Amino acid sequence: MNTKLGISGIALQWFKSYLSDRQSRVSIGNNYSDPVDLEYGLPQGSILGPLKFVIYTLPLGKIIRRHALDFHLYADDTQLYCSFDPKIPGARQHAIERLQLCIAEIQEWMSCNKLKLNESKTEFIVLGSPYFLQKLPPVLLKIGDAHIEPTQSVRNLGIIFMQI
């Protein structure tokens with residue numbers, strides 16, 4: 001944490017003490033493993049866990065904005081939004097390339113920060129009028145080695161109001 005978030009003084013010391021000098025051990029019945037020092041992560045089930053995760057992942061917004069995408073974050077879920085005009089030649093391909101470049105950069109950031117993007121849980125959907133959807137060539141999103149086909153429905157993290 002740093003002062004860019006406006007946290008300093010006693011509050012910063014409190015956050016540091018909350019995250020430092022932690023240990024973990026496993027218990028099975030009355031048997032306990034030796035304690036192991038924890039260098040990463042947040043206490044599971046803690047009241048501050050979600051807030052700290054949001055603070056930890058703040059750089060994702062900067063990455064996504066750099067690729068001119070809209071987004072919605074909720075806990076460890078992220079939704080990216082990209083639009084294109086199907087009447088403009090190359091617009092669909094350009095939109096997919098922006099998404100793929102953004103996701104690749106997110107994946108790299110996550111790897112450097114001890115997180116993993118789960119390709120098997122990644123979904124995408126192409127929305128549009130039935131007329132234009134029929135005319136679109138097949139769309140595939142490539143994430144790492146995974147090729148993801150569009151689905152007919154996706155889980156939404158909440159209601160998003162967008163001005164069109």
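Leucine 5 is partly exposed, at a relative accessible area of 36% (buried means under 20%, exposed over 50%, and partly exposed in between, with a 1.4 Å probe and protein chains only). The model shown here is predicted, so local features need pLDDT of at least 70 and side-chain atom pairs count only at pLDDT 80 or more, while totals for chains, interfaces and linings use all residues. Residues are numbered from 1 along each chain as its sequence is written, and side-chain values use heavy atoms, with hydrogens and water left out.

Leucine 5 sits in the segment before helix H1 (9-19); helices (H or I, at least four residues) and strands (E, at least two) are DSSP runs, numbered from the N terminus. Together, Leu5, Val54 and Leu58 make a nonpolar surface patch of about 230 Å². Patches are made of residues with over 30% relative accessible area and no salt bridge, where like charges are joined within 9 Å and nonpolar side chains (Val, Leu, Ile, Met, Phe, Trp, Tyr) within 5 Å. The areas come from the Shrake-Rupley method with a 1.4 Å probe, and for residues only the protein chains shown count as cover.

A search of the whole structure turns up two salt bridges, each defined as a side-chain nitrogen of Lys or Arg within 4 Å of a carboxyl oxygen of Asp or Glu. In one of them, glutamate 105 pairs with arginine 66, and the closest N and O atoms are 2.3 Å apart. Glutamate 105 belongs to helix H4 and arginine 66 to helix H3 (residues 59-66), so this bridge ties together parts that are 39 residues apart in sequence. Glutamate 105 is partly exposed, at 23% relative accessibility. Lysine 116 and glutamate 119 also form a salt bridge, with 3.5 Å between the closest N and O atoms. Here lysine 116 is exposed at 64%, whereas glutamate 119 is partly exposed at 23%.

Now for arginine 92, which lies in helix H4 (residues 91-112). Arginine 92 is buried yet has no salt bridge, and the nearest side chain of opposite charge, glutamate 97, is 8.9 Å away (Lys and Arg count as positive and Asp and Glu as negative, while His and the chain ends are not counted). What does arginine 92 touch, not counting residues up to four places away in sequence? Its partners are Phe84, Leu136, Pro137, Pro138 and Val139, where contact means heavy atoms within 4.5 Å.

## Aromatic rings

The structure holds four aromatic pairs. Tyrosine 56 and tryptophan 109 make a tilted pair, at 6.2 Å centre to centre and with 55° between the planes. This pair links distant parts of the chain, with tyrosine 56 in helix H2 (residues 49-56) and tryptophan 109 in helix H4, 53 residues apart. Tyrosine 56 is partly exposed at 38% relative accessibility, and tryptophan 109 is buried at 15%. The rings of tyrosine 131 and phenylalanine 132 have centres 5.2 Å apart and planes at 75°, so they are edge-to-face. Phenylalanine 132 is partly exposed, with a relative accessible area of 26%.

Elsewhere, ring pairs join Trp14, Phe15 and Tyr18 into a cluster. Rings of Phe, Tyr and Trp (its six-membered ring) pair if their centres lie within 6.5 Å; planes under 30 degrees apart count as stacked, over 60 as edge-to-face and the rest as tilted.

## Residues in the loops

Where do positive phi values turn up in residues other than glycine? Aspartate 21 has a phi of about 55° and lies in the loop between H1 and strand S1 (22-24). Alanine 68 has a phi near 55° and is placed in the loop between H3 and strand S5 (70-74). Aspartate 21 is exposed at 80% relative accessibility, and alanine 68 is exposed at 57%.

Aspartate 85 is in the loop between strand S6 (77-81) and H4, and is partly exposed at 32%. Leucine 140 is in the loop between helix H5 (130-135) and strand S7 (141-143). Its C-alpha atom is 7.0 Å from that of proline 150, 10 residues apart along the chain. Leaving aside neighbours within four places in sequence, leucine 140 is in contact with Ile96, Gln100, Phe124, Ile148 and Glu149, and it is partly exposed at 43%.
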